[in-house]
Amino acid sequence: ENKKQKFVYDFTEGNKDLKDLLGGKGANLAEMTNLGLPVPPGFTITTEACKVYLDSGTEPAELREEVSAHLDALEQKMGKKLGQADDPLLVSVRSGAKFSMPGMMDTVLNIGLSDASVKGLAKQAGDERFAWDSYRRLIQMFGKTVLGVDGELFEDALDAAKEAKKVTVDTDLGPAELQKLVKEFKKIVKREAGRDFPQDAREQMDLAITAVFDSWNGDRAKLYRRQERIPGDLGTAVNVCSMVFGNLGPDSGTGVAFTRDPASGHQGVYGDYLQNAQGEDVVAGIRNTVPLADLENIDKKSYDQLMQIMETLETHYKDLCDIEFTIERGQLWMLQTRVGKRTAAAAFRIATQLVDQGLIDEAEALQRVNGAQLAQLMFPRFDEDTKVEKIARGIAASPGAAVGKAVFDSYTAIKWSRSGEKVILIRRETNPDDLDGMIAAEGILTSRGGKTSHAAVVARGMGKTCVCGAEELEVDTKRRRMTAPGGVVIEEGDVVSIDGSSGKVYVGEVPVVPSPVVEYFEGRMHAGAEEAGELVAAVHRIMSFADGKRRLRVRANADNAEDALRARRFGAQGIGLCRTEHMFLGERREMVEKLILADTDDEREEALKELLPLQKKDFIELFEAMDGLPVTVRLLDPPLHEFLPDITELSVRVALAESRKDANENDLRLLQAVHKLHEQNPMLGLRGVRLGLVIPGLFAMQVRAIAEAAAERKEAKGDPRAEIMIPLVGTVQELEIVKDEADAVIAEVEAATGTNLKLTIGTMIELPRAALTAGQIAEAAQFFSFGTNDLTQTVWGFSRDDVEASFFTAYLEKGIFGVSPFETIDKDGVGSLVKHAVKQGRATRPDLKLGVCGEHGGDPESVHFFHEVGLDYVSCSPFRIPVARLEAGRAAV
Ligand code: PEP
Ligand code: MG
């Protein structure tokens with residue numbers, strides 16, 4: 001039997017685990033309903049219904065009937081009918097996707113009001129003013145979000161009404177003014193949308209539902225999804241909920257609450273409350289809220305009940321929850337809850353606090369944090385002792401230290417940031433239209449709104465620095481300037497610094513200092529020390545959970561002793577990539593030049609002989625720094641022209657010299673060599689193993705330097721564990737030739753020094769052919785290290801040095817990929833080659849050691865992939881090692 005799909009769920013039917021189907025909001029409303037908490041009755045239309053609509057362009061036939069049935073039930077429960085003239089049932093229609101998503105249609109309140117029912121509501125509530133205010137809000141929200149009317153038009157009309165009555169807040173408008181405003185709003189709708197505001201309640205509801213579905217594919221919603229890597233085909237649910245009113249007088253109100261401080265993780269009373277207001281007023285920051293703690297004096301009964309509910313929720317969800325609530329004439333109602341967003345620091349603290357409270361275990365604690373948050377905690381901060389002048393202090397809404405030029409609109413933010421400027425977006429308050437500007441900015445500063453204002457919530461979600469509600473600042477967006485106390489004027493383009501951890505705002509550039517978390521990783525601060533604070537203690541514990549769970553080892557990409565030592569302090573278990581070309585820079589360049597220019601064997605040998613002791617010294621230092629740990633040294637990889645002067649510059653120099661008749665012999669030879677080595681596609685040219693095959697003695701010299709350095713470290717009672725790695729191999733034959741040569745050199749050094757060096761020889765897998773023939777290559781390689789930079793370049797045919805600046809923006813905008821494949825491993829393409837090579841390689845050589853040393857080795861999502869395909873280690877730059885350790889731990893639980 002074909003079970004009919006169910007498109008509508010009553011709040012009593014769902015639960016918190018049905019987020020895919022009911023969206024986050026709907027699932028949690030259902031969960032609260034079933035916990036017996038006071039939730040106004042309602043129902044949820046599923047994401048499946050939305051998907052059908054988005055795919056086919058029409059709503060599923062059964063949807064209308066199901067909605068009717070649920071509406072009937074709701075009307076029965078409430079004892080009144082939707083839009084009923086003498087006593088209307090009113091509902092809200094709210095979007096609610098699986099992930100909360102700014103940019104989607106949010107809410108239309110008061111659906112069911114009309115010219116007729118507004119009078120019934122006035123009589124029932126005994127409040128004319130309230131009824132007309134509710135009606136004008138409906139037309140305003142409906143006009144803007146459902147009918148697409150420019151919201152400013154309503155705002156302007158509202159402002160004009162206030163001005164006419166010489167009042168500043170909308171609560172001072174009386175019923176007569178509001179009634180006039182309703183007329184005005186209806187005119188705006190008619191003019192702008194080309195239709196009358198619908199008087200039929202059911203039509204209002206149905207149009208609002210369709211508008212929610214459509215908003216899934218709005219531009220801002222799409223942009224946000226790409227940013228946050230949310231798949232585009234999930235669809236949104238729609239919640240229809242009976243209205244309760246926070247704007248029925250002083251014994252009513254609305255607020256938001258957190259079960260803990262989302263900035264620090266501390267337990268306590270956190271949130272904002274606004275008396276005599278509807279929900280949207282709090283988030284929009286239209287009037288100033290009072291701290292939640294003040295509710296105790298305003299309405300003790302509701303306050304106590306709220307505290308109790310918050311405890312219930314936290315114990316039930318075992319996590320920080322945020323809550324939206326409304327009090328209607330002394331009766332508390334829960335409108336929403338969800339596991340709350342939090343700052344990176346709070347995430348670490350809360351995870352360890354919950355472990356201490358016995359609510360979650362170590363594995364769960366690892367799921368509560370992530371590498372991106374840890375990376376954020378490693379950012380530098382402002383120097384507290386700065387002499388730069390503080391001009392204001394706002395609310396510390398999202399941490400970080402941001403410096404940039406002041407801009408006052410999103411358009412300029414985007415334009416300037418595209419041309420490489422760092423900008424701080426300054427607004428009185430932000431709204432969803434500012435999303436692109438917020439993405440473009442280094443940080444966001446607002447003069448209005450609290451911790452739950454749009455700016456604060458969105459910035460926290462993006463991990464962007466934000467100071468909000470800096471009320472001493474007068475922001476004038478029209479004139480593109482802001483005035484601080486004492487008459488300091490900041491014009492567009494002036495540099496400002498904002499501290500999202502303290503809320504301080506400065507004019508000019510404030511110097512930055514390292515984060516305490518980095519001080520801790522560096523070993524300059526002990527986790528238990530007093531100055532280290534709770535954050536460092538929490539990071540320390542989470543890192544030990546991760547290290548305890550992870551299977552992947554973590555190595556560093558490092559080419560000198562200094563980086564190697566830092567990497568070791570950060571927890572590196574070896575070096576996965578030492579790029580020896582970095583040892584050929586600076587004054588040594590001349591020697592490399594000599595090697596390249598050598599006409600005869602003698603000249604070449606001479607040049608190599610000069611390089612040998614220098615290379616050897618580098619390796620001795622490196623092996624000493626990494627004593628007892630593996631060090632993978634890669635033989636020379638880049639095209640040789642990289643060591644020579646730029647062809648154009650040199651040509652000009654030679655031409656000029658020739659015209660003066662004093663051309664220098666060496667320059668002429670250089671120019672000749674540059675011409676000879678010039679390639680159209682150097683990345684596909686003479687580089688990697690190919691250099692070893694065509695320049696006699698080059699690789700042998702490097703192998704000798706490694707072997708002699710290892711022998712010397714042994715002599716000094718050290719424990720060198722060198723691994724020699726051959727780059728850009730495409731076929732096993734290449735590797736065999738180089739390997740034979742290397743083996744011979746090693747044997748020679750071992751004989752001369754009387755030691756067994758236990759050097760291993762392996763290869764990078766960074767060409768598609770190498771991955772495809774990994775089974776053969778493994779016959780000559782003791783280890784593979786995936787060079788996913790070159791592998792991505794060659795699999796996609798994308799020049800890694802060019803494409804990110806040229807067409808990747810277009811690709812990202814078109815949604816071809818959500819993130820650059822050079823940043824996060826392309827699992828389907830590059831990743832499947834990696835998988836293939838792992839399988840074939842291990843089939844040939846079961847004890848083959850496998851690692852990755854491309855940039856992906858430090859990317860959180862990629863680390864999970866490498867864990868899954870069974871690599872032994874990832875290798876990344878020293879600063880990303882803590883992130884890789886954490887993500888390797890998270891991947892293993
Ligand atoms: C790689 O290609 O992934 C790699 C690590 O080598 P390089 O970045 O030096 O080419
Ligand atoms: Mg490479």
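A residue is called buried here if 20 or more other C-beta atoms lie within 10 Å of its own. By that count, buried residues make up 50% of the 893 residues in the protein chain. Keep in mind that this is a predicted model.

**Whole chain**

Start with everything shown as cartoon. The protein chain has 36 helices and 31 strands. Along the principal axes, its C-alpha atoms fill a box of roughly 105 × 75 × 60 Å. Now consider the contacts with a separation of 6 or more: residues 24 or more positions apart account for 67% of them.

**Stop 1: strand β17**

Select residues 465-468, which form strand β17. Show the side chains. T465 and V467 sit on one side of the strand, C466 and C468 on the other. These four residues are all buried, and both faces of β17 are covered. In a regular strand the side chains alternate between the two faces of the sheet.

Select residues 395-398 for β13. β13 runs antiparallel to β17, and 3 bridges join the two. Look for A396, which stands opposite V467 in β17.

Then select residues 443-446, strand β16. β16 pairs with β17 in the parallel sense, also over 3 bridges. Here G443 stands opposite T465 in β17.

**Stop 2: helix α21**

Move on to residues 561-569, helix α21. Which residues of α21 are buried? They are D563, A564, A567 and R568. Turn the view to look down the helix axis. The buried residues of α21 fall within an arc of 135°, so they line one face of the helix. An α-helix has 3.6 residues a turn, so residues three or four places apart point the same way.

What do the buried residues of α21 pack against? Select β24 (553-557), β25 (575-579), α23 and α36 (881-892) to see their partners. Before leaving, click on G571, which follows α21. The phi of G571 is positive, near 105°.

**Stop 3: helix α22**

Select residues 589-597, helix α22. Colour V592, L595 and I596, which are buried. Look down the axis again: the buried residues of α22 fall within an arc of 95°, so they too line one face of their helix.

Conventions. Residues numbered from 1 in each chain as written. Chains lettered and ligands numbered in written order. Predicted model: local features only at pLDDT ≥ 70, side-chain atom pairs only at ≥ 80, totals over all residues. Buried ≥ 20, exposed ≤ 12 C-beta atoms within 10 Å, placed from the backbone. Arc of directions from axis to C-beta. Pairing = 2+ DSSP bridges. Contact = placed C-beta atoms within 7 Å.
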